[in-house]
Structures are given as C-alpha cells and as structure tokens.
Amino acid sequence: MENRIRIAVDGPAGAGKSTIAKEVAKELNIDYIDTGAMYRAIAVKLIRTGTDYNDAEALAKMLEVTDVDFSAGKTYLDGEDISGIIRTPEVSALASPSSAIPAIRYKLTDLQQAMGERKSVIMDGRDIGTVVFPDAEFKFYLVADPDIRAKRRTLELQEKGEAADFETVKADMMQRDLQDSTRSFRPLKKADDAIEIDTSNMSIEEVTKSLLDVIRK
C-alpha cells in the first residue's frame, strides 16, 4: 500500500456498495469516500443559503465558495463537521433532486478527483468507474437480485428506527434504478473494465474477501 490507489465501487442501490467499501477501507487502512454524503452536504448548503438549485447563476456563486471533504468517516462542509445533520428528512428530500443538477455533479467530481490525487481512496456510487475515476486502479460493479436488495434496504431503514415497508421500498428502488440507468447525464452503468460481483447469496465477509483478493494480487 505504499503507492496511491483508487478503488471504484459502482452498482444499484442495495447491492452492498457502501457496506463493502467501508470494510475494504478498514482492511487496507485507506479513506472511504461517501459520495452520497457529499451530495447531502451540498443540500445542507442550499438550505442554509436559501439557494434555488434551478437558478443557475445563484447556484454557481454558491458552489464557487463551497468546499466539501470527507475524512475518517466524517463529512465536512466548508471545514465544519456536519455528519450529524446530513441524514435529516429535510436534507434527504433535497439531496436527491439537486444531485441530478450537472453543475453540482461537476463540482463534486472535481473535489472527489482531487481527493484521489492526494491519497488512496475507495469510493462508491453510480458513476465512479465511468466518470470520476475512469483510470482507477481497481473497478468493481456490485449487483444483486431486486428482492434481496429491497430486503436489505428495508432492514437497514428499520434498524435506524424508520418505518419501512418492503413493497414500498422495492417500488422506490426499482424507480430509482430506472431513473439512474436511463438518465442522459452520467447514467448508472458498468465500466467496461469493471469486475462484476453478484452479492445476492454472499455474506459481507465473502464479498469483502473477493475485492481484497483482486486488490492484493
């Protein structure tokens, strides 16, 4: 691990990307970059400044003086640790639509690429291997059966104390899959050189080992 490496983990919601990326980061002692948290940080800034993300001029001015960083499991907005507030309903509701705005994606892509220049990182998302780090040293694409993904997400929400119904979660997930894979700007897709892993019938330990076996070859 003397040389800097960048590991991209892509795939649809519920395939296990974040869970596995965090485990691999621990094993390799590198930073796990939560790209979803970064988009939530932008949502926090939009709320605080009262900026309308559809107002291109106002958004550009806000983004020009915005910094988002992710280190040791914490999300920083302009130097402030905002990890405790990025999961609130208000932030969640704004993070999804605003994350589709090209100017916001360009801004965070620049920040994410800068992190990858400074240090070894593992990053998960939907366009990491295709857009953020097209030249990543390692690329993985995790998939799983839709029912299994929905069960995982339902359980995850319930464990956080949130009301979650399997059928509703599955319907939302399928709609998100459709939106992510068919959008014209940076759609969810597997990079040509990514290794695909079906996590449907694998434990967290087994999937983590699969990635580490490739990285440590």
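The legends below describe close-up views of a predicted model. Residues are numbered from 1 along each chain as its sequence is written, and side-chain values use heavy atoms, with hydrogens and water left out. Because the model is predicted, local features need pLDDT of at least 70 and side-chain atom pairs count only at pLDDT 80 or more, while totals for chains, interfaces and linings use all residues.

**View 1. Strands S3, S4 and S5 form an open sheet with antiparallel pairing.** The order of the 3 strands is S3-S4-S5. Helices (H or I, at least four residues) and strands (E, at least two) are DSSP runs numbered from the N terminus, and two strands pair if DSSP finds at least two bridges between them. Strand S3 (68–71) and strand S5 (80–81) stand at the edges with a single partner strand each, so one side of each has no neighbour in the sheet. S3 is joined to strand S4 (residues 74–77) by 4 bridges, and Phe 70 has Thr 75 in S4 as its bridge partner. Helix H2 (residues 35–49) packs on this sheet and touches S3, S4 and S5; contact means heavy atoms within 4.5 Å. The direction of H2 makes about 35° with that of S4, where axes are lines fitted to C-alpha atoms, for helices over the stretch in contact, and angles run from 0 to 180 degrees between N-to-C directions.

**View 2. Helix H2 packs against helix H4 (residues 89–98).** The angle between these helices is about 110° and their axes lie 8 Å apart. H2 and H4 are therefore roughly perpendicular to each other, a term that covers angles of 65 to 115 degrees. H2 contributes Tyr 39, Arg 40, Ala 43, Val 44, Leu 46 and Ile 47 to the contact, and H4 contributes Glu 90, Val 91, Ser 92, Leu 94, Ala 95 and Ser 98. By class, 8 of these residues are nonpolar, 2 are polar and 2 are charged. In this scheme Ala, Val, Leu, Ile, Met, Phe, Trp, Tyr, Cys and Pro count as nonpolar, Asp, Glu, Lys and Arg as charged, and the others, Gly among them, as polar. Thr 49 is also found in H2. At 41% relative accessibility, Thr 49 counts as partly exposed; buried means under 20% relative accessible area, exposed over 50%, and partly exposed in between (1.4 Å probe, protein chains only). The C-alpha atoms of Thr 49 and Met 62 are separated by 8.1 Å, although these residues are 13 apart along the chain.

**View 3. Strands S1 and S7 pair in the parallel sense.** Strand S1 (residues 6–10) and S7 are joined by 4 bridges. All 5 of the 5 residues of S1 are buried, so S1 is largely enclosed by the rest of the structure. Arg 6, Ala 8 and Asp 10 point one way from S1, and Ile 7 and Val 9 the other way. In strand S7 (residues 138–143), 6 of the 6 residues are buried, so this strand too is largely enclosed by the rest of the structure. Phe 138, Phe 140 and Leu 142 point one way from S7, whereas Lys 139, Tyr 141 and Val 143 point the other way. Ala 8 has Lys 139 as its bridge partner, and Asp 10 has Tyr 141.

**View 4. Arg 126 lies in the loop between strand S6 (121–125) and helix H6 (128–132).** At 15% relative accessibility, Arg 126 counts as buried. Arg 126 and Ala 8 are 118 residues apart in sequence and 9.5 Å apart in space, C-alpha to C-alpha. Leaving aside residues up to four places away in sequence, the residues that Arg 126 touches include Asp 10, Lys 17, Arg 176, Asp 180 and Arg 183.

**View 5. Asn 29 and Asp 78 are loop residues with positive phi.** Most residues other than glycine have a negative phi. Asn 29 has a phi of about 55° and is found between helix H1 (17–28) and strand S2 (31–34). Asn 29 is exposed, with a relative accessible area of 72%. Phi of Asp 78 is near 50°, and Asp 78 lies between S4 and S5. At 40% relative accessibility, Asp 78 counts as partly exposed.

Conventions
Angles under 35 degrees count as roughly parallel, over 145 as roughly antiparallel, 65 to 115 as roughly perpendicular and the rest as oblique.
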